[in-house]
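Me: I'm new to reading protein structures. Could you walk me through a few features, one at a time?

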Amino acid sequence: MQIYLTSQNEILRKHLDFLKTLPLTQYNASGLTEKTTSIVIDTPMPLTQINTDFLFAYKIFPTNAMTHMTEWALERRIMRVGDTIVQQVYLPPKQSISLKIIGGVRVKEIINQKSRLGFSYETIEGHIEKGRATFILEQTNDNKIYFRVHTVSKPANVLARLVGPVFSVPYQTYLTRLGLNNVKRQLESQNVAPKATTK
(Lines give C-alpha, C1' and ligand atoms only; values in the text may rest on other atoms or scores of the structure.)
Protein backbone atom coordinates (compact mmCIF):
# COMPACT_ATOMS: atom_id res chain seq x y z
CA MET A 1 0.00 0.00 0.00
CA GLN A 2 1.27 3.43 -0.98
CA ILE A 3 -0.54 6.64 -0.04
CA TYR A 4 -0.31 9.88 -2.02
CA LEU A 5 -1.87 13.32 -1.82
CA THR A 6 -1.80 13.84 -5.59
CA SER A 7 -3.40 11.77 -8.33
CA GLN A 8 -1.27 8.95 -9.73
CA ASN A 9 -3.32 8.62 -12.92
CA GLU A 10 -0.47 9.84 -15.13
CA ILE A 11 1.96 7.24 -13.75
CA LEU A 12 -0.32 4.25 -13.14
CA ARG A 13 1.73 2.42 -15.80
CA LYS A 14 4.82 2.82 -13.60
CA HIS A 15 2.95 1.46 -10.58
CA LEU A 16 1.60 -1.42 -12.67
CA ASP A 17 5.05 -2.38 -13.92
CA PHE A 18 6.32 -2.46 -10.33
CA LEU A 19 3.36 -4.47 -9.02
CA LYS A 20 3.86 -7.07 -11.76
CA THR A 21 7.19 -7.95 -10.12
CA LEU A 22 5.69 -8.57 -6.68
CA PRO A 23 4.33 -11.87 -5.35
CA LEU A 24 0.81 -12.43 -4.11
CA THR A 25 0.05 -11.81 -0.45
CA GLN A 26 0.32 -15.07 1.46
CA TYR A 27 -2.84 -16.03 3.35
CA ASN A 28 -4.69 -18.92 4.91
CA ALA A 29 -8.30 -18.83 3.75
CA SER A 30 -9.54 -20.42 6.97
CA GLY A 31 -8.45 -17.33 8.92
CA LEU A 32 -10.19 -14.80 6.67
CA THR A 33 -13.62 -13.20 6.80
CA GLU A 34 -16.01 -14.38 4.08
CA LYS A 35 -18.72 -12.12 2.75
CA THR A 36 -21.12 -12.18 -0.21
CA THR A 37 -23.11 -9.15 -1.33
CA SER A 38 -25.48 -9.19 -4.29
CA ILE A 39 -27.90 -7.06 -6.24
CA VAL A 40 -30.64 -8.06 -8.67
CA ILE A 41 -30.41 -6.80 -12.25
CA ASP A 42 -33.74 -5.69 -13.70
CA THR A 43 -33.45 -6.84 -17.30
CA PRO A 44 -35.64 -8.86 -19.66
CA MET A 45 -32.56 -10.21 -21.44
CA PRO A 46 -30.94 -13.55 -20.63
CA LEU A 47 -27.34 -13.50 -19.48
CA THR A 48 -26.17 -14.85 -22.84
CA GLN A 49 -27.48 -11.70 -24.59
CA ILE A 50 -26.08 -9.12 -22.17
CA ASN A 51 -22.96 -7.18 -23.13
CA THR A 52 -20.50 -7.88 -20.32
CA ASP A 53 -17.44 -6.28 -21.92
CA PHE A 54 -17.32 -3.59 -19.23
CA LEU A 55 -17.15 -6.24 -16.50
CA PHE A 56 -14.11 -7.90 -18.08
CA ALA A 57 -12.57 -4.45 -18.56
CA TYR A 58 -12.82 -4.06 -14.76
CA LYS A 59 -15.17 -1.08 -15.08
CA ILE A 60 -16.92 -2.07 -11.88
CA PHE A 61 -16.32 0.87 -9.56
CA PRO A 62 -17.24 4.50 -10.32
CA THR A 63 -14.21 6.63 -11.14
CA ASN A 64 -14.80 9.03 -8.24
CA ALA A 65 -14.07 6.07 -5.91
CA MET A 66 -11.38 4.18 -7.83
CA THR A 67 -9.35 4.44 -11.00
CA HIS A 68 -7.25 1.60 -12.32
CA MET A 69 -5.02 0.25 -15.08
CA THR A 70 -5.00 -3.35 -16.27
CA GLU A 71 -2.23 -5.37 -17.86
CA TRP A 72 -4.52 -6.70 -20.59
CA ALA A 73 -5.79 -3.26 -21.63
CA LEU A 74 -2.21 -2.06 -22.06
CA GLU A 75 -1.47 -5.07 -24.26
CA ARG A 76 -4.76 -4.63 -26.19
CA ARG A 77 -6.13 -8.08 -25.51
CA ILE A 78 -8.67 -9.81 -23.28
CA MET A 79 -8.17 -10.66 -19.63
CA ARG A 80 -6.01 -13.67 -18.78
CA VAL A 81 -5.29 -15.51 -15.55
CA GLY A 82 -2.17 -13.98 -14.01
CA ASP A 83 -2.86 -10.44 -15.23
CA THR A 84 -2.16 -7.59 -12.81
CA ILE A 85 -4.41 -4.63 -11.99
CA VAL A 86 -3.20 -1.48 -10.26
CA GLN A 87 -5.93 0.20 -8.20
CA GLN A 88 -6.02 3.82 -7.06
CA VAL A 89 -8.65 4.17 -4.34
CA TYR A 90 -9.82 7.63 -3.33
CA LEU A 91 -10.53 8.29 0.34
CA PRO A 92 -13.00 9.96 0.57
CA PRO A 93 -14.48 9.08 -2.87
CA LYS A 94 -13.52 12.31 -4.60
CA GLN A 95 -10.61 12.56 -7.00
CA SER A 96 -9.60 16.12 -6.21
CA ILE A 97 -9.46 16.29 -2.40
CA SER A 98 -8.63 12.82 -1.10
CA LEU A 99 -5.91 10.39 -0.16
CA LYS A 100 -4.86 8.24 -3.12
CA ILE A 101 -4.18 4.66 -2.03
CA ILE A 102 -2.29 2.50 -4.52
CA GLY A 103 -2.52 -1.28 -4.39
CA GLY A 104 -2.45 -4.23 -6.72
CA VAL A 105 -4.35 -7.43 -7.43
CA ARG A 106 -3.79 -10.35 -9.80
CA VAL A 107 -6.41 -12.30 -11.75
CA LYS A 108 -6.79 -15.81 -10.32
CA GLU A 109 -9.74 -17.25 -12.25
CA ILE A 110 -11.98 -16.39 -15.19
CA ILE A 111 -15.51 -17.81 -15.09
CA ASN A 112 -17.22 -18.26 -18.46
CA GLN A 113 -20.28 -20.49 -18.16
CA LYS A 114 -23.76 -20.22 -19.64
CA SER A 115 -25.30 -19.08 -16.37
CA ARG A 116 -22.23 -17.60 -14.62
CA LEU A 117 -19.76 -15.01 -15.88
CA GLY A 118 -17.01 -13.21 -14.03
CA PHE A 119 -13.56 -13.42 -12.52
CA SER A 120 -11.66 -13.45 -9.27
CA TYR A 121 -8.42 -11.86 -8.14
CA GLU A 122 -6.03 -12.07 -5.22
CA THR A 123 -4.18 -9.26 -3.51
CA ILE A 124 -0.53 -8.53 -4.24
CA GLU A 125 2.04 -7.99 -1.50
CA GLY A 126 1.65 -4.52 0.00
CA HIS A 127 -2.14 -4.33 -0.47
CA ILE A 128 -4.09 -3.07 2.54
CA GLU A 129 -6.10 -6.32 2.45
CA LYS A 130 -5.03 -9.91 1.95
CA GLY A 131 -7.28 -12.42 0.31
CA ARG A 132 -9.48 -12.87 -2.72
CA ALA A 133 -12.48 -11.17 -4.36
CA THR A 134 -14.83 -12.68 -6.95
CA PHE A 135 -17.18 -10.74 -9.23
CA ILE A 136 -19.96 -12.86 -10.73
CA LEU A 137 -22.99 -12.29 -12.93
CA GLU A 138 -25.31 -15.23 -12.35
CA GLN A 139 -28.63 -16.25 -13.89
CA THR A 140 -30.63 -18.39 -11.47
CA ASN A 141 -33.13 -21.15 -12.27
CA ASP A 142 -36.00 -18.65 -12.06
CA ASN A 143 -34.23 -16.57 -14.76
CA LYS A 144 -33.35 -13.70 -12.43
CA ILE A 145 -29.90 -12.19 -12.91
CA TYR A 146 -27.75 -11.19 -9.96
CA PHE A 147 -24.42 -9.50 -9.68
CA ARG A 148 -22.50 -10.85 -6.69
CA VAL A 149 -19.29 -9.80 -4.99
CA HIS A 150 -17.77 -12.52 -2.85
CA THR A 151 -14.78 -11.62 -0.70
CA VAL A 152 -12.55 -13.72 1.53
CA SER A 153 -10.15 -11.29 3.18
CA LYS A 154 -8.82 -9.47 6.21
CA PRO A 155 -6.49 -6.50 6.85
CA ALA A 156 -2.98 -7.37 5.69
CA ASN A 157 -0.80 -5.77 8.36
CA VAL A 158 -0.78 -4.40 11.89
CA LEU A 159 -1.65 -0.86 10.81
CA ALA A 160 -4.50 -2.08 8.62
CA ARG A 161 -5.78 -4.25 11.48
CA LEU A 162 -5.69 -1.31 13.87
CA VAL A 163 -7.64 0.97 11.55
CA GLY A 164 -9.72 -1.85 10.06
CA PRO A 165 -12.78 -1.43 12.30
CA VAL A 166 -13.06 2.26 11.40
CA PHE A 167 -11.46 2.37 7.95
CA SER A 168 -10.74 -0.65 5.79
CA VAL A 169 -13.74 -2.81 6.69
CA PRO A 170 -16.42 -0.06 6.48
CA TYR A 171 -14.81 1.45 3.37
CA GLN A 172 -14.54 -1.94 1.67
CA THR A 173 -18.25 -2.43 2.36
CA TYR A 174 -18.97 1.03 0.98
CA LEU A 175 -16.89 0.41 -2.17
CA THR A 176 -18.62 -2.93 -2.70
CA ARG A 177 -22.02 -1.23 -2.58
CA LEU A 178 -20.83 1.43 -5.04
CA GLY A 179 -19.61 -1.33 -7.36
CA LEU A 180 -22.88 -3.26 -7.16
CA ASN A 181 -24.92 -0.19 -8.02
CA ASN A 182 -22.54 0.85 -10.79
CA VAL A 183 -22.74 -2.57 -12.45
CA LYS A 184 -26.53 -2.57 -12.07
CA ARG A 185 -26.73 0.83 -13.77
CA GLN A 186 -24.51 -0.24 -16.66
CA LEU A 187 -26.43 -3.46 -17.25
CA GLU A 188 -29.90 -1.97 -16.94
CA SER A 189 -29.00 0.85 -19.34
CA GLN A 190 -28.82 -1.86 -22.02
CA ASN A 191 -32.61 -2.29 -21.63
CA VAL A 192 -33.24 1.16 -23.09
CA ALA A 193 -34.07 1.02 -26.77
CA PRO A 194 -32.49 3.78 -28.91
CA LYS A 195 -34.80 6.64 -29.81
CA ALA A 196 -36.11 6.69 -33.34
CA THR A 197 -34.67 9.47 -35.49
CA THR A 198 -36.92 11.70 -37.54
CA LYS A 199 -36.09 13.20 -40.88
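Reply: Happy to! Let's begin with an idea: a salt bridge is a side-chain nitrogen of Lys or Arg within 4 Å of a carboxyl oxygen of Asp or Glu. In this predicted model, the side chains of glutamate 188 and lysine 184 form one, at 2.6 Å from N to O.

Me: Where do glutamate 188 and lysine 184 lie?

Reply: Both belong to helix α5, residues 168–188. They are four residues apart, which is about one turn of the helix.

Me: How many salt bridges does the structure hold?

Reply: There are five. Among them, arginine 77 pairs with glutamate 75 at 2.8 Å, N to O, and arginine 77 also pairs with aspartate 83 at 2.7 Å.

Me: Is aspartate 83 buried or exposed?

Reply: Buried means under 20% relative accessible area. Aspartate 83 has 2%, so it is buried. Glutamate 75, with 41%, is partly exposed.

Me: How far apart are lysine 20 and threonine 84 in sequence and in space?

Reply: Sequence and space can be read side by side here: the two are 64 residues apart in sequence and 6.1 Å apart in space, C-alpha to C-alpha. Lysine 20 sits in the loop between α1 and β2. Leaving out residues up to four places away in sequence, lysine 20 touches Glu71, Thr84 and Arg106.

How values were computed
Residues are numbered from 1 along each chain as its sequence is written. This is a predicted model: local features need pLDDT of at least 70, side-chain atom pairs count only at pLDDT 80 or more; totals for chains, interfaces and linings use all residues. Side-chain values use heavy atoms; hydrogens and water are left out. Helices (H or I, at least four residues) and strands (E, at least two) are DSSP runs, numbered from the N terminus. Contact means heavy atoms within 4.5 Å. Buried means under 20% relative accessible area, exposed over 50%, partly exposed in between (1.4 Å probe, protein chains only).
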